Structures are given as structure tokens and as C-alpha cells.
Amino acid sequence: MRRDVLGEVEHLILLAIVRLGDTAYGVTIRQEIEQRTGRDLAIGALYTALERLERKGFVRSSLSDPTPERGGRSKRHYRLKAAGASALRQSRERLVRMWAGVSTDLRKVGS
Amino acid sequence: MTPQPPRVAEWLIRRSIVWRDRDSVLGDLREEFVARSSAESPRAAAAWYWRQVRQSLGPNVRRRVRDVMPSDQTPDAPRRLVGLGLDVRYAIRSLRASPGLTAVALLVLTLGIGAMTAIFSIVDAVVLRPLPYPQPDRLVALRQTTTATRPEFSSVTSQDFVDWTAQQDVFEGLAATVPGSGTDQEAPEPEALQVRRVSPNLFAVLRVGPRLGHAFTTEREVTENPYVAVISDGYWRRRFGADPNVIGRILPLDNGNWQIEGVMPPGFDEPFSESIDLWTPYVMSADERTRGQDHNNHLQVVARLKPGVTLAQARARMDQISAALASAYPDWYKRGGRALVYGLADWTIGAQVRSWMLMLLGAVTCVLLIACVNVANLLLARATTRGHEIGLRAALGAGQWRLTRGLLVEGVLLSAAGTALAVAAAYGVVNLLRTSLPPGVPRAAAIAVNGRVLAMALLASVVTGVTFGLVPAIVFSGEGMVASLRDSGRGGTASRARQRLRATLVVAEVALAAALAIGAGLFATSFIRLLSVKEGFDYHGVLTARAVPFETGGTAADRTTAGQLALKDLAARLRAMPGVDSVGVLGGALPLSGAFHRLPAQVPGRAEPLSGDDSADVYYVTPEYLPTMRVPMIRGRAFTDADDRADGDPVVVLNQTAARRYFGDEDPIGRTIGLPTGTTLDVFGMRTIVGIVGDERPLGPETSPRPEAYSPLAQGPYGNGYLVLRTNGDPEALVPVVKALVSSVMPKRVVPPPATLESLFGRLIAQRRFNMLLVGLFGVLAMAIAAAGLYGVMSYLVAQRTQEIGVRMALGAAPIRVIGMVLRQAVGLLATGLVLGLVLAWSAAGFLRAFLFQVSAHDLGVYAGVPVILLLAGLGAAYFPARRAARVDPLIALRSE
């Protein structure tokens with residue numbers, strides 16, 4: 001797998017992080033994806049993907065202060081990095097080009 | 001009150017998620033759980049939590065596995081290796097930080113792995129390695145039954161070999177080998193060569209050809225030019241300086257001029273003998289082919305199964321063939337003669353040697369196991385003191401796997417260093433072991449530290465390293481890293497679990513050591529019983545020399561008489577030497593040499609001559625022989641010079657067993673028995689019994705006394721024999737003089753080196769001595785290691801209880817009570833280990849039965865005595881920490897809080 005090719009879940013997560021801005025962490029990313037796509041991402045899968053994105057240099061994370069409703073546990077906040085932004089753009093461009101001229105019911109291909 | 005997530009579900013997440021994300025994930029889940037509880041219901045939230053667990057376990061576990069096994073596809077594989085390099089550097093640093101402990105661990109490992117490597121090199125060479133021929137499992141050895149000897153099978157007669165070869169259809173070929181002889185008279189000192197006469201097809205059956213020249217061809221055999229030879233690589237180098245043009249050269253020996261046809265590759269041995277210099281064709285005489293009078297069971301036969309034929313099929317076919325032969329020649333097959341087929345490796349190595357070797361391997365495995373447990377215990381002790389540091393590393397973000405890996409790397413590093421030292425030591429020890437092995441161990445010459453042995457050492461090293469690296473790692477993962485940080489190493493539940501584990505390890509050590517020590521005790525008891533067996537003669541201080549006086553001319557009887565005179569003359573000259581008390585001459589088999597000269601005895605009142613167990617071992621001796629051997633005279637008279645004449649009245653002296661067996665309660669003195677006169681066993685000459693001597697065990701302490709008959713040398717058929725010297729000093733010192741004197745009567749002949757009876761006796765008991773020394777050594781080693789382990793644990797426990805002891809002493813406990821308290825704890829550990837060890841030894845001892853002599857595998861004395869020794873050693877080891885405890889200064893102990 002090439003470094004800059006995003007899987008679908010990764011694509012979704014990166015977009016959620018962009019949308020959430022400063023408030024992106026585990027709970028909000030999950031909720032953002034669930035509310036917008038109806039996809040209930042398991043937390044284990046989420047963090048696996050986040051770790052992969054971080055290793056690829058697409059996002060960076062930082063720990064923030066624990067809050068009481070979290071049982072005194074800290075949060076890991078995520079932010080998009082420049083490489084992540086360009087990967088997201090490239091991924092979108094590839095998809096758009098491939099979709100061009102394809103009808104959404106996938107029955108006929110326009111000329 | 002805020003609702004709590006399901007505890008089991010939370011625990012599952014905590015155990016499965018990688019360390020790095022543990023807090024964030026648990027926090028996220030709880031946050032959302034709380035939110036859902038108030039938005040929906042606690043029930044729905046719990047259901048949601050459980051769904052999360054179900055769906056997350058898979059990814060979580062996969063992630064951890066990926067961490068354990070970096071794959072090439074993940075882009076950060078190189079970084080993981082860098083991490084490993086760091087681990088190694090870190091491990092080296094931490095090993096160097098505690099040099100004492102590292103040194104002890106290395107010493108224990110070196111001993112354990114070194115012993116394992118050395119023993120394995122023996123076991124591998126002797127029993128594990130396949131025979132050095134292509135497809136060795138297709139080779140078989142053939143023997144045949146006989147009722148004439150014990151055990152009741154023997155080598156094959158030449159006549160049967162001829163018929164088997166002609167009639168069989170299950171083997172690619174049958175090849176026979178028989179002992180040969182040859183003396184190289186061109187050498188500066190006549191050299192007796194190791195010669196084997198072999199069927200010309202032997203090399204084809206074995207599928208090993210010469211490295212130079214060619215092997216025998218059957219045409220040469222029939223064209224009656226049998227004076228051809230194939231020489232060994234060793235002899236080629238020694239005698240011909242590895243001359244490549246040696247083929248075709250003539251080698252003049254005392255029995256002919258041999259033309260060299262081929263040179264075998266290095267390391268080649270035929271299956272039935274070792275260190276052969278020369279192979280010559282075995283050409284049968286006409287006598288050997290026809291079924292006449294003589295049964296000469298002297299052929300060692302090897303064959304290769306045809307493709308597709310099984311051992312069972314070959315056995316069935318050979319049974320048919322021998323049954324047909326037996327009905328064709330009923331007289332010949334009176335005393336057995338059925339063909340026996342064995343796998344070659346089974347035959348040449350033998351079940352006895354195999355189980356002996358496996359026993360040694362088992363004993364040394366025990367030692368290695370104890371060493372492993374001990375090192376695990378040491379590392380655990382250190383990990384305990386390092387608990388704080390490990391907790392800190394965990395807190396700073398080191399993942400659990402990373403910490404585990406660190407401990408593993410330390411273990412493997414330690415065992416690798418120990419293995420390197422062990423292999424170096426094994427090189428030396430193996431040579432020592434090879435030379436101290438009892439004689440007759442098959443393939444002993446091949447024992448060496450080689451690739452296979454090194455591979456085994458490497459395997460042992462990795463397995464031990466991982467094992468004892470893993471123990472502390474498991475302990476820490478069980479406790480949780482942060483617990484280690486909080487717990488300064490005392491009082492907490494975590495450290496109590498660790499104490500329990502260390503105590504368990506010590507108990508295991510003690511148990512293994514006890515089992516091994518019981519084995520050693522059984523071997524030592526066997527050996528003592530062996531040495532206390534009465535031989536019936538005094539073998540100390542006796543030197544023997546074989547002399548074959550070279551006489552020519554006259555009839556065979558004339559030459560025999562001349563030879564006897566030469567022997568007596570030699571005896572007179574030896575007797576005159578300083579340091580020699582008396583000299584006897586013996587014709588026949590030398591006691592303790594393993595040989596015997598057994599003849600049927602004709603006893604009055606019995607129709608048939610007595611054979612088998614009742615046959616007599618016959619010795620032809622000069623009058624001085626029995627006093628020289630210090631065989632006690634029981635009744636009647638000894639031989640005199642008047643008896644020792646060819647024309648004297650035929651007389652005989654029996655031992656007590658013969659007297660009882662042949663005459664019961666009657667007095668045999670003055671009566672007669674018949675013994676065979678010539679080489680055939682059916683003409684008996686009657687002899688008058690003049691005396692009775694005590695019983696002897698000439699075949700060694702493990703045999704029972706048999707009927708024996710002594711007759712004067714001059715009345716026997718031997719013109720050669722043994723000079724037996726009773727010395728009053730060191731018999732070895734006389735060897736050169738004796739050899740020189742003997743060689744004066746046998747010019748141009750190889751003089752066998754004189755040997756003391758003590759050295760012959762030593763050979764007979766060599767295997768038991770070897771077992772006793774080796775297993776004894778293992779037992780002592782095991783005991784020392786276990787005692788060291790106990791010492792370590794007791795020291796640790798005392799250190800843990802310093803405060804408590806301080807309080808007790810402040811409250812007036814006497815030092816002796818403190819010592820007693822610590823020792824009681826040690827006795828608890830020891831007793832548990834000893835009981836387990838006794839049970840282990842008791843149930844495994846059946847295997848030792850075959851190696852014991854006059855001692856039961858469940859000898860109560862050993863089972864009672866050995867634990868006492870171990871208990872004392874253990875208490876000795878525990879005493880030092882106990883004394884340290886008693887010297888605790890209450891003030892200092894309390895202040896250390």
C-alpha cells in the first residue's frame with residue numbers, strides 16, 4: 001500500500017478531524033462519522049486507524065487534561081497535518097475523476 | 001451517582017488495548033457511556049458498551065500482535081529494529097549495572113548449558129546420529145541362534161552364510177567380515193595392524209567407495225589373487241604420508257605381500273569394528289564351505305534390504321530359509337542356527353547403550369532445568385528491585401510489549417553469553433569425557449563438538465533465555481506497570497505474588513536437585529557394593545604379560561613343550577628382578593580380561609559330559625601361580641614341581657563351586673574327573689583331584705563364581721600364555737623391563753603391552769564408575785545451585801522483613817529466636833521441595849533399575865539419607881541470611897521507614 005493512498009475509513013476519519021477542528025478526539029470523531037454517515041465505528045477500529053494515520057504523518061495527537069466525566073482519564077486530541085491535507089485532496093481528486101460521467105445507479109455510463 | 005460502565009467489559013478493553021491508547025480509549029468509552037446513560041438509559045448504555053467491546057477486541061488484539069511481530073509491509077519496520085538495538089544496548093547496560101548477579105547467573109548458565117552440550121555431544125555421536133552410510137535404515141545385521149553360548153545368539157557360521165547368500169531374495173547383498181591380522185615388519189618397531197577380512201562386496205553393500213583407486217572386485221577373489229588390500233585414510237596418512245600414487249604399491253606384511261587397491265575416505269569404518277588400518281578380501285576355504293565337524297560362528301554379517309522389502313518381510317523370509325536348512329541338515333542344526341535379522345543401528349548400538357545414553361541425557365537435562373529456574377529466580381529478584389524503574393518507563397510511555405521485549409532481550413543476551421562460555425568449556429570437557437568413557441562404547445571416536453552439537457547448544461540457549469526472560473515479564477504484566485511504580489517493593493499484593501513465585505521456583509529447584517541426588521546416591525551405592533564384592537583373588541599389585549615364544553621345528557607337541565620351557569625360563573628371570581615377589585605362568589584365559597577357556601567336564605556317575613552352566617573354566621598353571629594370585633587353598637594340597645611335568649600323573653585342583661557341583665557332599669580329593677585333552681572336545685583324559693581352592697570371579701565382580709579346574713601347565717596344550725608377577729612396589733614401574741625381557745623370546749613379533757590386573761579390573765567397572773562420577777557430579781552441581789537459589793530467596797525474604805524483625809527485637813525477641821524463625825521458613829521450602837523430589841525420584845527410578853548393582857531402585861537408605869544431606873546443605877545456605885536477620889539493629893530497621 002502506498003503511503004498517500006487512503007482507505008475509506010481513514011478518509012472518513014480525516015474528514016471528521018477537518019470538520020471538528022480543535023475539538024477532534026475519540027468521542028467526537030466517532031459521533032461525527034456516525035451522525036453524518038450512520039456508520040457506527042468501533043472504538044478499537046477507530047484507534048487502530050488513528051495510530052496508522054499518525055505513523056504516516058497525516059495527523060498529530062496531543063494529550064489533554066483529564067475530565068471528571070471520563071473517570072479522570074486524559075483525552076487524546078487529533079489535528080490534521082499538511083501531509084494529511086494533501087493526501088485527503090489527492091484522494092478526493094482521484095475519486096472525483098473516476099466518478100465523472102458515471103451515473104449513481106451504475107446502470108449506464110454517459111459519454 | 002454517575003453510572004459505572006460494566007466492569008468486565010472495561011477490563012476486557014483494558015487488557016486488550018495497547019498501552020499507549022489505554023487511557024484515551026477507556027476515557028472516551030466512559031464519557032460516551034455517561035452521556036448515553038442520561039440520554040437513553042443505563043441499560044442501553046451498557047448494551048452499547050458491550051457492543052463496542054465485541055467489535056473492538058478484534059482490532060485491539062490484531063494491533064498488539066502486529067506490535068509483537070513487525071511485518072515487512074508496515075512502513076515503520078526499520079524503526080522497530082532500531083528499537084531492538086536500543087533494547088540490546090539497554091540490556092547490556094543493566095546487566096553491567098549489577099555485576100555480581102550477572103556473574104552468578106552466567107556461572108550457573110555456563111555450568112548448565114556446558115554440561116548439556118558436553119553430554120549431548122556424546123549422546124549424539126553414540127546413539128542419535130545415523131550410521132555414516134547412505135540410506136542407513138535399509139542396512140541390517142544378521143546373527144543366528146545357538147544354545148552353545150549365552151546370550152543365546154552368535155555370529156554366523158561360514159556355511160550358513162554361503163547358503164543364505166545363495167537362497168535369499170530379500171537383500172541386495174550379504175557381506176561378511178571377520179577379524180584379520182598382519183604385522184608391518186618394515187616399521188622401526190614391528191607394528192600390529194588392525195586388519196579386517198571382508199567379503200569383496202562389503203563396500204557395495206554399504207554404498208561407500210574408496211576415495212582413491214577402487215574396491216575389491218569379485219573376479220579377483222575367484223582368480224585367486226586375494227593378496228589385495230584397501231587401506232584406511234588414517235593408515236594412508238600415517239604410513240604413506242598421503243601419497244596419491246600409493247595405488248598398486250606392495251605392502252609387505254608377515255602374512256604376505258599385499259597390493260594396495262584403494263584408499264577409503266576419512267572417517268569410514270565398517271559397522272562391526274573401529275580404527276581399522278587395512279581391509280583384505282575374505283576368501284573362504286573349502287572347509288568353511290562344507291558342513292563338516294566345526295561350527296565356527298565368527299562371521300559378522302551386514303546386508304542391505306532390497307527396495308520395498310521391510311524388516312519384517314526379511315525376517316520371515318530368513319526364517320523360512322533357516323527352517324528349510326534345518327530340516328536338510330538336522331545334525332548341524334542340533335544347537336540352533338536360526339537366522340536373526342536386526343536393524344543395523346539397533347544391533348551395533350544396542351538397546352542397553354541407548355537407554356544408558358538417554359539416562360545421561362535425562363540427568364543433564366535436570367541440571368539444565370535447575371540452572372534455568374535459578375537464573376529465572378535471579379532475574380526475578382532483580383526485576384523486583386527494578387520494579388520502580390520499570391514502572392517509570394511504563395509511565396513515560398513504554399508499551400507493555402516493549403518492556404516485555406526488554407526483559408526478553410536481557411534473558412536471551414544472558415543465555416547467549418552463557419552459551420558462548422559453555423561451548424568454549426564444552427570443547428575441553430568433551431575431550432576429557434571421551435577419554436574417560438568406559439571401553440566398548442560404540443562410535444566413541446566420533447564424539448566431538450560439531451555443527452549438530454552447536455545447533456543444540458544454540459537451541460538450548462534460546463529456549464532457556466526466553467523461558468527465564470519471560471518469567472519476570474509475566475509477573476510484571478500481571479501486576480500492571482503502574483502498580484510497580486506505586487509499589488516500592490514491599491508489602492503490596494504485587495510483591496507478595498512475586499514472593500510466592502520465587503518460593504515456588506526454589507521449591508522446584510530443590511525438588512529437581514533431590515531427584516538428581518537420589519539418582520547419584522543409587523549409583524554411588526551400586527559402586528560401593530560392586531567394590532565390596534570378593535573377587536576370590538588379590539588383583540592388587542599384579543602385573544601380567546602375554547608371551548608367545550617363537551619356536552620352530554619338530555612336531556606341534558614338541559613346539560608346545562619348547563614354548564612352555566621358554567615361558568618357565570622367562571618366569572625364572574623375572575623372579576630374580578628386584579620388586580618381584582613371585583611369578584606364575586598361566587596357559588588359557590587371563591582373569592579379568594573378559595576371556596575364558598570353558599570345557600565340558602566328565603564327572604563319574606554321569607553318562608554325558610557336563611556342559612553349559614556346569615562346564616569348567618580351565619587354567620593350566622605353574623605351581624607358583626595360585627599362591628601368586630593369593631587364591632586360598634581350602635583342602636588337599638597345592639601343585640608341586642613334580643606335578644608340572646608332561647609325564648607326571650594327570651592331576652587337577654578344583655574350586656569349591658566345581659567340587660560341590662560335581663561331587664555334592666562327597667569328598668572329591670583322590671577322585672577323578674575327565675577334561676578334554678586336545679582341540680576336539682570329545683576325547684577326555686582323566687585327572688586325579690588333589691586339592692580344593694576358594695571360589696573366584698575371574699569375569700568380574702558382577703558375575704557369579706563358576707566351576708573352575710586348574711591343571712599343571714606342562715600337562716596342558718598351551719605353548720604360550722601369561723606371566724603373572726606379584727610385585728612389592730608399583731607394578732607399572734616394571735612394565736619396560738618386563739616388556740624388554742618378553743620381546744627377547746619373540747623376535748620380530750609385536751609384544752602386547754604388559755598390563756596390571758588392577759587396570760583390567762578398572763575396565764570391568766568402568767561404566768559404573770563413569771555413571772557414578774558423572775551423575776554424582778550432576779547431583780553435587782544441582783545441590784550447589786539449589787542451595788544458592790535458597791540462599792538468594794532467604795536473603796530477599798529477610799530483607800523484606802527487616803522492619804518486622806526490628807520490631808520483634810525491639811520488643812525483646814532473642815537473636816536465636818529470630819534465627820529460628822528464618823530457618824523455619826527455609827525448612828518449609830526445603831521440605832516441600834524434598835517431598836516433591838522424593839516422589840519424582842521414586843516414580844522415575846524404575847528407569848534406573850538396569851543401571852544399578854545389588855541395590856533396589858527404591859532403596860530406603862538412599863531415599864532417607866539423601867534428603868538429610870540436602871536438608872543440611874539447605875539449612876547451611878539459609879543460615880547466613882538468618883544470622884544477618886539476627887544482627888538487625890532495631891533502631892536502624894525502624895528508621896528505614
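## A tour of chains A and B

Start by selecting chain A: buried residues make up 41% of its 111 residues, where buried is under 20% relative accessible area, exposed is over 50% and partly exposed lies in between (1.4 Å probe, protein chains only). Before you click on, note that this is a predicted model, in which local features need pLDDT of at least 70, side-chain atom pairs count only at pLDDT 80 or more, and totals for chains, interfaces and linings use all residues. Residues are numbered from 1 along each chain as its sequence is written, chains are lettered from A and ligands numbered from 1 in the order in which they are written, and side-chain values use heavy atoms, with hydrogens and water left out.

**Stop 1: the fold of chain A**

Switch to a cartoon view. Chain A has four helices and two strands, and along the sequence they follow the pattern α-α-α-β-β-α. Helices (H or I, at least four residues) and strands (E, at least two) are DSSP runs, numbered from the N terminus. Of the contacts in chain A with a separation of 6 or more, 53% are between residues 24 or more positions apart; contact here means heavy atoms within 4.5 Å.

**Stop 2: helix α1 of chain A**

Select residues 8–20 of chain A. The end C-alpha atoms of this helix, α1, are 18 Å apart, which agrees with the 18 Å that its 13 residues should span at 1.5 Å a residue. That expected span is 1.5 Å times one less than the number of residues.

Now show the side chains. Which residues of α1(A) are buried? They are E10(A), H11(A), I13(A), L14(A), A16(A), I17(A) and L20(A). What covers them includes α2, α3, β1 (59–67), β2 and α4 (82–99) of chain A. Just after the helix, pick G21(A), which takes a positive phi of about 60 degrees.

**Stop 3: where chain A meets chain B**

Bring both chains into view. Here 26 residues of chain A are in contact with 27 residues of chain B. The area buried between the two chains is about 2,400 Å², and carbon and sulfur atoms give 44% of that. Buried area is the accessible area (1.4 Å probe) that two parts lose on being put together, summed over both. On chain A, highlight I43(A), R55(A) and R73(A): they lose the most area to chain B, together 26% of what that side buries.

Next, look for charges. The interface of chain A and chain B holds eight salt bridges, each a side-chain nitrogen of Lys or Arg within 4 Å of a carboxyl oxygen of Asp or Glu. Zoom in on D40(A) and R51(B), whose side chains meet in a salt bridge (3.3 Å, N to O).

Which elements of chain A should you colour? α3(A) gives the most, with eight residues. The residues of that side divide into seven nonpolar, seven polar and 12 charged.

**Stop 4**

Select N60(B), found in helix α3 (residues 42–68) of chain B. Is N60(B) buried or exposed? At 1% relative accessibility, it counts as buried. Not counting residues up to four places away in sequence, N60(B) touches G44(A), I13(B), S16(B) and I17(B).

Finish at G865(B), in helix α27 (residues 860–886) of chain B. G865(B) is partly exposed, with a relative accessible area of 28%.

Technical notes
Nonpolar A, V, L, I, M, F, W, Y, C, P; charged D, E, K, R; others polar.
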